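Please go through the report below alongside the sequence and the 3D view. It starts with the sheet and then turns to helix packing and aromatic rings.

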Amino acid sequence: KLMGSYFDVDTVLLENTLIPCVFLVTATGMGDLDPSLGSEDLPKDSQVKLPLWMVESLSKMGVIKVLVPSIYSEGELERYLAGPVSAELSTNYFHVGSKISAIHRDPKLQNFVLDLFTGERYKRLLDNSLNSLETDANDFERTLPQSEKK
């Protein structure tokens, strides 16, 4: 489900996040996705980046294998767990992470994204929003992605 309306700029940008994929079949007429091939068709096993909205459809059809983006790699997950409050996350980190984990049916990634969103980071966000009358919360707010500022 989309986070905003059809005309919401944030939603459009979010759904156009590029996700690495591998084609499991030859994709006729899709050679433009990888101009370096110089071919009209995209051969089987070609690795390309596709927008999230397209990835969801093509993966359901079994046409592509979705690769987990490097920002969700084991090393990155450990870095976020070490200091989740100070980690700089992109605006769409949680949304894309939940979509990728659902496509992969990866409970470890699903739980991680949920824990990161609702754990220490959420507690700090809530604490700053409720107690900001007495302190200057601007420094903390600058570290937040746009989705968490809303």
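## The sheet

Three strands form an open sheet in the order S2-S1-S3, with antiparallel pairing. Its edge strands are S2 (47-51) and S3 (64-66), each of which pairs on one side only. From one strand to the next, the twist averages 45°. Strands (E, at least two residues) and helices (H or I, at least four) are DSSP runs, numbered from the N terminus. Two strands pair if DSSP finds at least two bridges between them. In general, strands of a sheet pair through backbone hydrogen bonds, either parallel or antiparallel.

This is a predicted model: local features need pLDDT of at least 70, side-chain atom pairs count only at pLDDT 80 or more, and totals for chains, interfaces and linings use all residues. Residues are numbered from 1 along each chain as its sequence is written, and side-chain values use heavy atoms, with hydrogens and water left out.

## Strand S1

S1 (residues 18-23) runs antiparallel to S3, and three bridges join the two. In S3, lysine 65 stands opposite valine 22. Five bridges link S1 to S2, again antiparallel. Cysteine 21 has valine 48 in S2 as its bridge partner.

Five of the six residues of S1 are buried, so the strand is largely enclosed by the rest of the structure. Buried means under 20% relative accessible area, exposed over 50%, and partly exposed in between (1.4 Å probe, protein chains only).

H2 lies across S1, S2 and S3 and runs at about 115° to S2. The axes of H2 (residues 52-60) and H4 (residues 93-104) come within 11 Å and cross at roughly 10°. H2 is therefore roughly parallel to H4. That label covers angles under 35 degrees; over 145 is roughly antiparallel, 65 to 115 roughly perpendicular, and the rest oblique. Axes are lines fitted to C-alpha atoms, for helices over the stretch in contact, and angles run from 0 to 180 degrees between N-to-C directions.

Leu52, Val55, Glu56 and Ser59 in H2 meet His95, Val96, Lys99 and Ile103 in H4 (contact means heavy atoms within 4.5 Å). By class, this contact has four nonpolar, two polar and two charged residues. Ala, Val, Leu, Ile, Met, Phe, Trp, Tyr, Cys and Pro count as nonpolar; Asp, Glu, Lys and Arg as charged; the others, Gly among them, as polar.

## Aromatic rings

The structure holds two aromatic pairs. Tyrosine 93 and phenylalanine 94 form an edge-to-face pair, 5.7 Å centre to centre with 90° between the planes. Both residues are buried. Tyr72, Tyr93 and Phe94 form one aromatic cluster. Rings of Phe, Tyr and Trp (its six-membered ring) pair if their centres lie within 6.5 Å; planes under 30 degrees apart count as stacked, over 60 as edge-to-face and the rest as tilted.
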